Amino acid sequence: MATIDRAADRTERVVAGLPKVSLHCHLIGSVEATTVVDLARKHGVVIEGGRTAEDLFDHDSYEDLDEFLRVLDVAGSVIRDADDFHRVAYESLTAGGAAHNVLYREIFLSPPGHPGVPYRTILDGVRAGMRDAEADTGIRSNLIVGLNRNGSAQAAYELVETVIENRADEVLGIGLDYSEAIGPPERFWKAFRRAGEAGLNRTAHSESGPPHHIETLLDLLGCTRVDHGYHVVDDPAITRRCVEERIPFTCTPVSSDIGRYSGSGDGTHLRIKQMVDAGLMVTIDSDDPPMFGTDPTNDFRALANALGYGLDELSALTANAVEATWLDETDRAALRRRARAMTAALAEEEEETPWRKS
Ligand SMILES: [Zn+2]
């Protein structure tokens with residue numbers, strides 16, 4: 001029993017101390033339930049079904065992606081003014097980021113998830129939150145604007161135009177999220193082409209879709225990253241190509257396991273293991289953390305427990321994420337140095353842990 005406890009303690013030290021780089025975390029999805037309830041009260045919004053902070057994010061009750069997206073809509077609808085965006089960004093980056101040793105995050109914004117709110121209001125509020133979070137904790141961040149694939153191709157194109165008209169240094173690129181079954185990637189080729197012409201980086205979600213969607217992302221949409229991408233391993237040729245081209249995959253173990261995309265919903269994370277074993281460039285993040293009862297540390301814990309990964313394997317996932325960022329080479333090198341120094345310090349602590357010598 002004592003051995004098991006010591007092994008668990010060791011895992012805890014490693015997953016908590018591990019430096020993390022967050023490339024797949026949605027602003028709306030990272031808002032705490034208590035904040036949603038506070039903001040609803042502030043704006044006089046009655047939450048459907050009279051749900052409270054305790055039962056708002058009951059992930060066991062998400063029947064399917066649509067059920068989850070309805071919860072996401074509730075959260076998005078109460079984040080309305082610049083102060084709200086400041087608060088949500090700040091909380092996500094501090095308690096939901098720096099407290100877990102997240103050194104850097106590229107945050108997904110979903111402007112269509114805040115109906116009626118001007119893009120500029122979102123941007124101004126979030127950027128103020130990012131600045132304050134960096135001043136208080138040192139966490140750095142940038143932004144990715146997510147297009148809603150449940151909406152029309154025209155709406156997605158117009159959002160890209162809005163992003164270009166309101167150019168901000170922090171907005172490094174665009175993404176594509178919401179339901180892949182409703183919005184196949186090829187529908188959005190014009191919006192992605194426009195983004196590419198304007199020099200924006202591109203990524204897109206492919207969580208439930210077949211492997212050929214990944215080819216569509218790379219070849220038609222010009223993506224340099226894939227969010228989730230678990231079905232890549234169903235096609236050996238596409239897997240080989242992604243290994244050779246070092247295409248990063250931003251995997252989110254806990255949320256995807258609950259949705260039965262990365263495994264069978266049993267916490268074995270089989271597809272992520274297959275991706276790592278195939279030599280793919282896997283990175284780890286937590287997607288919509290409070291809504292799936294997780295956090296940046298817990299997603300690494302899930303892999304440590306399911307796959308027996310220790311510091312070497314987990315720090316390799318962070319090293320992948322450093323290389324997968326859209327930072328320029330100077331900033332990426334600085335991030336790489338910080339992550340390596342923290343990993344080395346953690347390895348040293350591991351060496352000095354007395355029980356290992358007994
Ligand atoms: Zn996502």
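Buried means under 20% relative accessible area, exposed means over 50%, and partly exposed lies in between (1.4 Å probe, protein chains only). This is a predicted model: local features need pLDDT of at least 70, side-chain atom pairs count only at pLDDT 80 or more, and totals for chains, interfaces and linings use all residues. Residues are numbered from 1 along each chain as its sequence is written, and side-chain values use heavy atoms, with hydrogens and water left out.

Strands and helices come next. Both are DSSP runs, numbered from the N terminus: helices are H or I with at least four residues, and strands are E with at least two. In strand 7 (residues 248-251), Pro 248 and Thr 250 point one way. Phe 249 and Cys 251 point the other way, and all are buried. Two strands pair if DSSP finds at least two bridges between them. Strand 7 pairs with strand 6 (residues 225-228) in the parallel sense, over two bridges. Thr 250 in strand 7 is the bridge partner of Asp 227.

Strand 2 (residues 102-109) is largely enclosed by the rest of the structure, because eight of its eight residues are buried. Strand 1 (residues 20-26) runs parallel to strand 2, and five bridges join them. Here Val 102 of strand 2 is the bridge partner of Lys 20. Strand 3 (residues 140-148) also runs parallel to strand 2, with six bridges between them. Asn 142 of strand 3 is the bridge partner of Glu 106.

The cysteines were searched for disulfides, each a pair of cysteine sulfur atoms within 2.5 Å. The whole structure has zero. For Cys 25, the closest cysteine sulfur is in Cys 251, 15 Å away, which is too far for a bond. Cys 25 is buried, with a relative accessible area of 0%. Cys 251 is in no disulfide either; the nearest cysteine sulfur, in Cys 242, is 12 Å away. Cys 251 is also buried, at a relative accessible area of 0%.

Ala 155 sits in helix 6 (residues 153-165). Ala 155 is partly exposed, with a relative accessible area of 40%.

A pocket is an open set of points where a 1.4 Å probe fits, with protein on both sides within 12 Å along at least five of seven lines; lining residues have an atom within 4 Å of a point. Grid points are joined across faces, edges and corners, and a volume is the space filled by probe spheres set on the points. The largest pocket has a volume of about 480 Å³. Its lining has 29 residues, and Leu 65, Phe 68, Leu 69, Glu 207 and Tyr 261 lie nearest its centre. Helix 3 (65-78) and helix 10 (253-258) are the elements that give two or more residues to this lining. Helix 3 gives the most, with five.

The second largest pocket has a volume of about 240 Å³. It is lined by 15 residues, with Arg 10, Val 14, Gly 310, Leu 311 and Glu 350 closest to its centre. Helix 1 (2-17), helix 13 (311-324) and helix 14 (329-352) each give two or more residues to this lining.

Key:
On a 1 Å grid over the protein atoms alone, a cavity is a set of points where a 1.4 Å probe fits but cannot get out, and a pocket is an open set with protein on both sides within 12 Å along at least five of seven lines; lining residues have an atom within 4 Å of a point.
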